[in-house]
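This briefing describes the ligand site and selected residues of the structure shown below. The points are grouped by topic.

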Amino acid sequence: MTISENVSLVKEKLALAAARAGRSPSEITLLAASKMNDVARIREAFDAGITIFGENRVQEMLEKNALGAYAGASLHFIGHLQKNKAKQVIGLARLIHGVDSVALLQVLSRLAVSRGIVQDVLLEVNIGLEASKSGFTPAEIPSALDACEDFPGVQVRGLMAIPPVCRNSDEIRPYFAQMQQLFIDNGEKKYDNSSMDFLSMGMSGDYEIAVEYGSNLVRVGSGIFGPRNYTAKP
Ligand SMILES: *Cc1c(COP(=O)(O)O)cnc(C)c1O
C-alpha cells in the first residue's frame with residue numbers, strides 16, 4: 001500500500017466510524033503522526049491530502065521543518081515536551097498536545113507573552129494512572145485549568161490521552177469513556193484561557209473506537225506511513 005492509498009483508507013474508515021457513532025465526519029480531524037518519516041514521505045502524505053502533521057521529538061521536528069517538510073500544512077507537537085526545549089516549539093507548533101504539568105504551562109505562557117503570541121495547548125491526561133507515563137491525573141485537571149487563568153500566554157484547547165496498551169479493543173473502551181466524560185465535565189465550567197474544543201485520542205490501532213467516544217482529533221502514524229523503521233535515520 002502506498003501512503004496515498006493509506007490516507008484514503010484511513011479517511012474512509014474514519015467516515016464510517018463517524019457514521020456508526022452518529023457523528024459527522026467533518027467534525028473529526030485527522031493528524032498524521034510523522035515521526036521517523038523523512039521529508040519525502042511527509043510530502044507524499046501532504047500531496048495525498050494530509051493537512052496536519054504531528055511530531056514527538058523536538059530536534060527531529062526542527063530538522064525536518066528546516067527542510068520544508070510541513071510547508072502548507074499545520075504542525076502539532078505530540079510528544080513529551082521538556083521545559084528547556086519549550087522555546088524551540090512555541091509558535092512553531094500550532095498546537096502542543098502533551099502538556100503535562102503546571103510548571104510547563106507557566107514556562108510556555110511566559111515565553112508566549114514575551115513573543116506577543118498565545119500558544120494553544122492540550123492537557124495530557126494520564127488516564128490509566130500509569131507510573132511510566134506523564135500527564136495530569138483526571139482529578140488534577142480542574143486545578144490545572146484554574147492555574148491557567150494566571151497564564152495569559154496559553155490557551156487550553158482541550159485534552160489528550162494515550163491509554164495503556166490493551167490486549168484487545170474492548171479493554172480500551174473504559175479509558176476512552178473516562179476521557180469523554182472528563183472532557184464534558186471540564187467543559188461545563190468556564191475558565192479564562194481555556195475552552196474544551198479538542199479531544200485528542202485514538203491512534204492507528206484504535207482510532208475508530210476513539211471516535212465512538214467523542215474523539216475529534218485522531219493521531220495516526222503507522223496506519224498512514226506503514227511500520228516505522230527504528231534503525232534508519234530520520
Ligand atoms: C507515534 C504517535 C502516534 C501514532 O501512533 P501509531 O500507532 O503509529 O498510529 C500517536 N500519538 C502519539 C503521541 C505518538 O507519539
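The model is predicted. In these terms, leucine 129 is located in the loop that connects β5 (119–125) with α6 (141–148).

**Ligand site**

**Polar atoms facing the ligand**

- The side chain of serine 204 has an N or O atom 2.4 Å from an oxygen atom of the ligand.
- For arginine 228, an N or O atom of the side chain is 2.8 Å from an oxygen atom of the ligand.
- For arginine 219, the corresponding separation is 2.9 Å, between an N or O atom of the side chain and a nitrogen atom of the ligand.
- Of the 390 Å² of accessible area that the ligand has on its own, the protein covers 89%.

**Glutamate 55**

- Glutamate 55 belongs to strand β2, which spans residues 52–55.
- Glutamate 55 counts as buried because its relative accessibility is 0%, and the cut-off for buried is under 20%.
- Its side chain forms a polar contact of 2.8 Å with the side chain of serine 34.
- A polar contact of 2.9 Å links the side chains of glutamate 55 and tyrosine 70.

**Asparagine 37**

- Asparagine 37 is placed in the loop between β1 (29–33) and α2 (39–47).
- With a relative accessible area of 6%, asparagine 37 is buried.
- Between asparagine 37 and glutamate 130, the C-alpha to C-alpha distance is 28 Å, and the two are 93 residues apart in sequence.

- Leucine 129 is not a glycine, yet its phi is positive, at about 50 degrees.
- Leucine 129 is classed as exposed because its relative accessible area is 58%, and exposed means over 50%.
- Asparagine 193, also a residue other than glycine, has a positive phi near 65 degrees.
- The position of asparagine 193 is in the loop between α7 (169–188) and β7 (194–200).

Technical notes. Residues are numbered from 1 along each chain as its sequence is written. This is a predicted model: local features need pLDDT of at least 70, side-chain atom pairs count only at pLDDT 80 or more; totals for chains, interfaces and linings use all residues. Side-chain values use heavy atoms; hydrogens and water are left out. A polar contact is a pair of N or O atoms within 3.5 Å; within protein, one must be able to donate a hydrogen and the other to accept it, and residues adjacent in sequence count only if both atoms are side-chain atoms. Accessible areas come from the Shrake-Rupley method with a 1.4 Å probe; for residues, only the protein chains shown count as cover. Helices (H or I, at least four residues) and strands (E, at least two) are DSSP runs, numbered from the N terminus. Buried means under 20% relative accessible area, exposed over 50%, partly exposed in between (1.4 Å probe, protein chains only).
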